[in-house]
Every structure is written in structure tokens, then in C-alpha cells.
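Hello,

Here is the structure I promised to pass on to you.

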Amino acid sequence: MRAVLLQTHGAPEEALVYRVGVPEPLPAADEVVLRVRATTVNRVDVLLRRGYPGLALPLPHILGGDIVGEVVNANGHASELPEGTRVVVYPLVWCGRCHLCRRGFENLCQNWQYIGMHRAGGYAEYVAVPARCCIPLPDTLSDAVAACLGVAGLTAYHALEVARVGPGDSVVVWGATGGMGTFLLQLARHRGATVVATTRHPEHHELLRSWGADMVVPSSPPEAAVRAVLERFPEGVDVVIDYVGAATLPSSLSLLRKGGCAVLCGMLTGRDVLVNIHSLYLRHICLQGIYLGSRAEFTSLLDLVASGVVRPFIHGVYPLSEAAALHRQMEDTGFRGKAVLVP
């Protein structure tokens with residue numbers, strides 16, 4: 001089969017290699033084999049390619065947590081997933097046995113695995129995934145649209161869930177032109193919140209407003225963004241969504257009102273930062289770390305997209321062989337929305 005292999009950690013041009021003749025996956029008893037119809041490039045793919053802190057990947061490895069595919073080997077699961085069924089894959093694999101799984105928190109499973117990280121992902125022509133992770137797709141959702149939902153879309157949905165964003169709340173989204181920002185702005189607006197987007201690209205202001213931003217401010221320097229937001233919200237905002245990391249976390253905390261919540265879902269600029277504990281407890285500030293969300297949240301997001309309430313912004317659709325070039329672009333200039341790969 002055709003696949004992009006992560007053969008070493010480093011720059012995309014050296015680390016990612018497009019190969020033909022890679023062995024096709026053999027399914028375990030609980031798995032089905034999919035012919036991949038679409039996948040996407042995510043920020044976590046870039047981190048894994050560089051070398052994710054504390055994680056030793058067996059190389060070569062196949063990245064890609066977003067998967068839309070067609071069942072080609074039902075492997076004993078034909079009653080629920082007949083061959084030919086088009087599915088989107090929930091990107092987390094849970095054990096079903098630990099105390100968190102038993103309480104219904106499969107996304108917090110003690111033995112969790114993330115497809116594309118702990119097991120082979122979608123940068124390939126075929127992939128084996130657990131049957132329980134496969135969700136049949138309606139004909140109204142295209143491969144490209146559905147492929148944008150599993151990582152960026154689900155993370156955005158879960159971030160707003162854990163922060164309990166609702167009508168009248170104010171939400172700031174750092175770096176809102178990326179794939180997750182697309183969803184955050186639309187979903188927060190759908191919940192009745194006032195949404196502030198930050199961007200380092202002045203030419204993207206109108207685009208962000210079209211996605212649902214009520215206010216757009218330059219993100220650099222972060223201190224200037226804070227001043228601009230606090231002019232409109234003198235007491236601070238209710239929620240800040242921060243996937244940038246060390247460079248923006250101090251500003252995120254200074255943006256919050258008393259009792260506000262900072263949702264942390266990335267570390268693009270580093271994972272270590274100094275935090276003033278006194279300021280946190282004196283202001284009743286909540287720091288909430290997240291990754292992805294539950295399978296039930298994923299199906300709710302699919303319903304919103306299928307009904308037209310939320311739509312991803314697709315930067316472009318590219319052949320799988322362009323994966324390294326797209327990694328380079330994501331690092332150098334970023335995307336507006338999501339970049340989709342097709343084998």
C-alpha cells in the first residue's frame with residue numbers, strides 16, 4: 001500500500017517519506033480494516049514528528065488521527081459494519097475496564113491510545129482500527145468535511161463543554177485561524193457566547209468575523225492583545241481557549257475575570273511556564289487541561305455539522321504524497337482551517 005512513514009524525528013523533508021509497497025495492516029480480533037478516503041494534518045502530527053516529550057515512538061510510524069474510510073475487511077463485524085460502509089473514526093481507543101471507563105469517561109481512559117500516536121494512523125491507503133471507534137457517515141457529509149472533525153473539531157467541542165460556555169459568556173480564542181479555531185468560533189457563537197478571536201495576520205480579520213468572531217485583535221505582542229480585549233471587557237472574560245502554550249498562558253490568565261476558566265489544549269511554544277499561584281486562588285481561576293473529548297460528544301458534533309450549524313473551513317485537499325510539504329507550511333505560515341490529505 002501507499003503510506004507516509006515517519007522514519008526519524010526532525011524536519012519534515014527528512015522525517016516523512018512517501019512509500020509504495022508498505023505492507024497492509026492485519027486486523028486484530030476487535031478491529032476492521034478501512035481503505036482510507038481522507039485524513040488531515042494536525043498540530044499534534046507536527047509535535048510527534050519533531051519528537052513528543054516523554055513518548056518513544058517505534059519507528060517507522062504512520063501518523064494521522066483523523067480518518068474517514070470505507071470498510072474493506074469487516075473481520076467478523078459485518079453485522080454492524082458491512083463491507084463498503086463509509087465511516088469516520090473516533091480517534092481514541094479506550095480499554096473499557098479501568099475505573100474511568102466504567103464511569104463513562106472513555107476519553108480519560110487510564111490505558112488510552114490515540115490513533116496516529118500509539119498506533120498506526122491515517123497517513124496510509126489502509127488502516128486497522130477498533131470496530132467500536134467507527135461511526136457510519138450520512139451521505140450528506142463529504143469525506144473532506146468529515147475528516148476535519150475527529151481531532152480539531154472534537155477538541156473544540158470538548159473545550160467549550162468543560163468550560164460550560166453558554167449564553168452571555170465571553171470567550172477568547174488564541175490563534176483562531178487554524179483548524180480548531182474554525183470550530184471554536186462557530187461553536188461558541190452557537191452557544192450564545194460573545195467571541196473574541198486573535199490572529200497575527202491582519203488579512204484574516206474578515207474571515208474570522210465570518211466564522212463567528214464578534215471582535216478580532218492582533219495576537220502579537222500578547223500584552224497588546226490583552227489591553228485591547230480588556231478595553232471591551234474591563235472585568236475580564238469568562239473563558240480563554242489556549243493551545244499556543246508558554247508564550248500566551250500568562251496573558252490568558254490576565255484576561256480572565258474573577259472565577260474565569262483557561263482551557264489549555266496545546267503547547268506549540270513550549271510546555272513550561274511560571275504561574276503566580278496567589279493570583280490563581282485569590283481570583284478563583286480555573287486551569288483546565290484537555291485533549292479531545294468523548295465518543296458521545298463526537299456524535300453530537302457530527303449532528304451539528306450534518307445539520308449545517310457548523311462547517312469546517314478547508315484550506316485545500318492534497319494527495320498523500322504532499323504530507324511533508326504541508327507539515328512545512330504548517331510550521332512556517334500555518335493554514336486557514338484544515339488541510340486534507342487523500343491517498
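**Helices that cross**

Helix 5 and helix 11 are roughly perpendicular to each other, a label used for angles of 65 to 115 degrees, with under 35 counted as roughly parallel, over 145 as roughly antiparallel and the rest as oblique. This is a predicted model, in which local features need pLDDT of at least 70 and side-chain atom pairs count only at pLDDT 80 or more, while totals for chains, interfaces and linings use all residues. Residues are numbered from 1 along each chain as its sequence is written, and side-chain values use heavy atoms, with hydrogens and water left out.

Helix 5 (residues 149–162) and helix 11 (residues 295–306) meet at about 105°, and their axes are 10 Å apart. Axes are lines fitted to C-alpha atoms, for helices over the stretch in contact, and angles run from 0 to 180 degrees between N-to-C directions. Helices (H or I, at least four residues) and strands (E, at least two) are DSSP runs, numbered from the N terminus.

Six strands form an open sheet in the order 12-11-10-13-14-15, with parallel pairing; two strands pair if DSSP finds at least two bridges between them. Its edge strands are strand 12 (215–218) and strand 15 (286–289). Strand 13 (residues 237–242) and strand 14 (residues 256–264) share five bridges, and Val 237 stands opposite Leu 256. Helix 8 (residues 222–232) packs on the sheet, touching strands 10, 11, 12 and 13.

The largest pocket holds about 920 Å³ of space. On a 1 Å grid over the protein atoms alone, where a 1.4 Å probe fits, a pocket is an open set of points with protein on both sides within 12 Å along at least five of seven lines, and lining residues have an atom within 4 Å of a point. Grid points are joined across faces, edges and corners, and a volume is the space filled by probe spheres set on the points. Of its 42 lining residues, Val 44, Leu 47, Cys 265, Gly 266 and Met 267 are the closest to the centre of the largest pocket. That lining divides into 26 nonpolar, eleven polar and five charged residues.

The second largest pocket has a volume of about 580 Å³. Its lining has nine nonpolar, 14 polar and five charged residues, and helix 2 and helix 12 each supply at least two residues to it.

**Backbone details**

The peptide bond from Leu 59 to Pro 60 is cis, with omega near 0°. The bond from Ser 220 to Pro 221 is also cis, with omega near -5°, and Pro 221 sits in the loop between strand 12 and helix 8.

Best wishes

Definitions and conventions:
Nonpolar A, V, L, I, M, F, W, Y, C, P; charged D, E, K, R; others polar. Contact = heavy atoms within 4.5 Å.
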